[in-house]
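I opened this notebook to record what I looked up in one structure. The entries follow in the order of my reading.

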Amino acid sequence: MFLYYIAFPFIAALLLSLFSRPLSKTFHTGWLVAIIPFVLFILFLTHSSGISEGQPVASLTNWIPSMGIQLSFYLDGLSLLFTLLITGIGFLVVLYSVFYLSKKENLIHFYIYLLLFMGSMLGLVLSDNLFVLYTFWEFTSISSFLLIGFWSHRARSVYGALKSMMITVFGGLSMLGGFLLLWIATDTTSIREIISQKEELMASPLFTAILLLVLVGAFTKSAQFPFHTWLPDAMEAPTPVSAYLHSATMVKAGIYLVARLSLLFTGSDLFFLCVSGFGLVTLCWGSFMAVRQTDLKGILAFSTISQLGMIMAMLGFGSEAAIFAAVFHIFNHATFKGSLFMVAGIVDHETGTRDIRKLGGLMTFMPITATLAFFGTFSMAGFPLPIFNGFLSKEMFFDASLQTAAPSGLAEQAAPFFPYLAVLGSIFTFVYSMYLFFGTFRGKVQLDRLEKKPHEAPFGMLIPPFLLVCFIVVIGVLPNLINERLLAPAAGAIAGNSIHIHVAFWHGIKLPLIMSLIVVAAGALLSLFKRYWENIYLYLPGKLSADKAYQALLNSLLRGAKKTTSSYMTGSLSLYLAIIVLFLVCVTAGMMAATGGFAFSTADLSPVKWPEAFTGFAMLIAAVATIFMKRRIAAVIVIGVVGYGLALLFVLFRAPDLALTQLIIETVTVVLFLLCFSHLPVMKPNSKPLRSKVADVLISLAAGTLVTLVAISSHSSKWFQPISDYFVKTSYSLGGGKNIVNVILVDFRGLDTMFEITVLGLAALGIYGMIKIRLRKKGGMEQ
């Protein structure tokens with residue numbers, strides 16, 4: 001069932017590529033695409049009642065049965081929350097893009113990328129198999145790369161796309177290493193079965209490596225410090241992409257992974273310290289850096305980093321209250337951050353700039369947009385009023401920081417400092433929220449610095465952020481409206497047991513409320529006197545910038561790669577061949593020596609009579625003679641002797657099928673050589689120094705000796721049951737043919753043969769294309 005849900009966006013993307021061009025001439029493609037997330041949202045919503053009653057839904061389809069890999073999907077409270085965010089926010093983003101993107105844009109490509117990303121995210125959050133999850137994980141990296149770089153004519157868009165791809169794929173490969181170790185340690189790829197083996201896994205010597213590798217993958221995807229540097233550059237994407245990927249979906253993939261596997265790692269000091277520590281550092285650093293930005297989307301990028309750090313920290317705290325607060329804030333963050341990204345897009349669309357230094361006083365010209373921004377920013381700031389859902393989860397965050405589930409040892413000693421970091425990060429969150437709202441909508445209007453005279457956005461563009469703001473207010477006033485049906489099941493899926501926490505605005509004057517009031521007071525003071533202390537950014541981060549560290553690392557890698565490559569890329573084909581052969585000899589010989597692979601046995605050999613010996617001797621003479629040939633025609637004929645001699649050996653050893661194949665291949669090869677003669681450069685005598693010739697001889701002898709030893713060892717070693725018996729028994733019953741070789745090539749190796757033919761076809765098309773381009777250029781030059 002869920003396989004069809006996931007496949008729906010992929011199939012829609014395929015159909016869109018085939019049939020949307022005629023339709024797009026009559027109406028905006030987004031209207032058609034919006035149907036897909038809307039239908040999926042309704043389908044997933046129908047499962048909410050069963051999930052809330054503790055009845056998760058699973059579906060299973062065999063994918064690679066021989067390896068035990070199945071398309072296993074599992075819908076519980078956590079995955080339901082994410083699927084509703086993916087499809088619900090996805091619908092609003094597509095609706096918003098209808099009015100944001102012009103029909104002059106390449107809309108078909110945009111919506112294909114968006115659908116691919118949507119399907120990949122659904123597959124990621126529904127997968128119960130480690131390697132299926134990883135597959136969809138990398139699909140999200142590829143599709144997000146395409147979306148971020150959608151405006152490929154802009155250098156910053158291309159740079160942001162490449163940067164996000166490099167960092168997230170690096171994390172994905174790290175995560176894959178962790179998954180492989182998990183598979184080795186538990187002998188299963190099912191996430192649910194792995195979690196059931198928690199005690200055995202924690203006692204495994206692989207546990208620490210697994211934890212660190214998986215966390216690197218999660219941290220890179222969710223922009224945790226120090227891997228956060230890709231997210232601000234990804235803001236060069238169109239605003240609908242930012243609203244979708246960077247508020248509700250892609251950046252929360254790492255959050256989802258930690259939440260899904262937290263039941264496996266909870267109880268470990270290392271998990272507590274890494275997840276809570278890096279989460280709080282990310283919160284503080286992201287909020288501090290957001291105040292420095294001048295681009296509206298730059299402010300929102302760093303605010304996203306800080307909010308993701310806050311959620312990650314709560315997952316690390318490990319208590320039931322912290323887990324519930326994390327789930328609640330995942331939902332709240334999607335509402336207020338999605339609306340704010342859309343507001344930023346509206347401001348850019350209607351004024352022609354996102355530079356906050358040029359903005360100000362827009363409330364007069366754009367009162368509806370300003371009202372939407374007011375609810376979004378004050379909810380993000382955690383302002384203590386019951387109409388802001390962000391305050392509810394922020395206060396729960398403070399409460400969770402005071403009551404962490406620190407295991408013992410160093411974790412227990414570090415836990416008392418967490419509330420201070422939580423307050424510090426939240427103070428700067430308040431500052432950048434006020435900076436965003438008042439810097440854009442209040443103050444003096446600067447019409448002379450704007451590209452357009454500001455005016456209110458079209459009604460259709462206001463609907464999506466308006467609906468999200470409605471959630472902010474409704475959930476702020478009636479938080480328990482989604483508690484039992486959405487929040488409690490999601491929190492219970494993370495914790496492994498039922499969690500029921502009543503959410504209320506007023507809990508009396510307790511420490512979490514005092515912490516909130518401190519944040520408001522300190523944040524308001526810092527906002528009012530910002531001009532007196534903002535010079536600190538001249539010194540901090542300075543050289544400590546993560547972005548500078550990334551660029552320095554990248555530049556050093558490029559310099560090293562260029563230096564290494566230039567040391568052997570000399571244009572000498574013989575040098576390239578020598579390097580390849582020498583590497584093959586060293587690696588193969590080393591592995592065979594280390595594993596005891598060399599063996600020699602004369603048992604079960606066919607007798608060698610004088611015809612076979614004579615043929616072999618003739619082939620040897622011909623092979624050696626090729627070295628001394630001074631004309632190509634002679635070299636081709638002598639090489640042909642080797643090939644035809646091999647075909648004769650097949651005949652003598654009663655393998656006519658192989659002999660016929662060899663004859664055809666050799667004949668075609670000789671003919672092709674003869675056809676290419678007129679295009680080949682003149683054959684020159686070998687002018688290599690004696691030392692190079694001696695090296696070539698030694699490498700050739702080593703390669704020939706190794707191949708000979710491998711051939712002898714492959715016959716002499718009986719490590720595995722020969723597969724030939726299987727082909728003898730089943731070639732007729734399964735393949736329907738009496739010629740075993742033909743059945744192997746056509747039936748048993750049918751896919752392999754098909755792909756070989758495909759590769760040859762692609763190579764032929766490539767060669768044809770190059771020849772055509774060359775002839776066209778030549779013709780143009782002649783004209």
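I worked from a predicted model. I began with the nonpolar patch and found that α3 gives the largest share of it, five residues.

I then listed the members of this surface patch: Phe27, Trp31, Leu32, Ile35, Phe38, Val39, Ile42 and Leu45. Together they make about 650 Å² of nonpolar surface. Two or more residues come from each of α2 (29-33) and α3 (35-45).

I looked up one member more closely. Leu45 belongs to helix α3.

Next I turned to Glu53, which sits in the loop between α4 (48-52) and β1 (57-64). Is Glu53 buried or exposed? I recorded it as exposed, because its relative accessible area of 58% is over 50%. I also checked Glu53 against Ile639, 586 residues away along the chain, and found 76 Å between their C-alpha atoms.

I counted 34 helices and two strands. The C-alpha atoms fill a box of roughly 105 × 75 × 55 Å along the principal axes. Of the 783 residues, 48% are buried. Among contacts with a separation of 6 or more, 80% join residues 24 or more positions apart. The chain exposes about 38,500 Å², and carbon and sulfur atoms supply 70% of that area. I noted 51 positive and 36 negative side chains, with the centres of the two sets 14 Å apart.

Methods. Residues are numbered from 1 along each chain as its sequence is written. Side-chain values use heavy atoms; hydrogens and water are left out. Patches are made of residues with over 30% relative accessible area and no salt bridge: like charges are joined within 9 Å, nonpolar side chains (Val, Leu, Ile, Met, Phe, Trp, Tyr) within 5 Å. Accessible areas come from the Shrake-Rupley method with a 1.4 Å probe; for residues, only the protein chains shown count as cover. A salt bridge is a side-chain nitrogen of Lys or Arg within 4 Å of a carboxyl oxygen of Asp or Glu. Helices (H or I, at least four residues) and strands (E, at least two) are DSSP runs, numbered from the N terminus. Buried means under 20% relative accessible area, exposed over 50%, partly exposed in between (1.4 Å probe, protein chains only). Contact means heavy atoms within 4.5 Å. Lys and Arg count as positive and Asp and Glu as negative; His and the chain ends are not counted. The place of a charge is taken as NZ of Lys, CZ of Arg, CG of Asp or CD of Glu.
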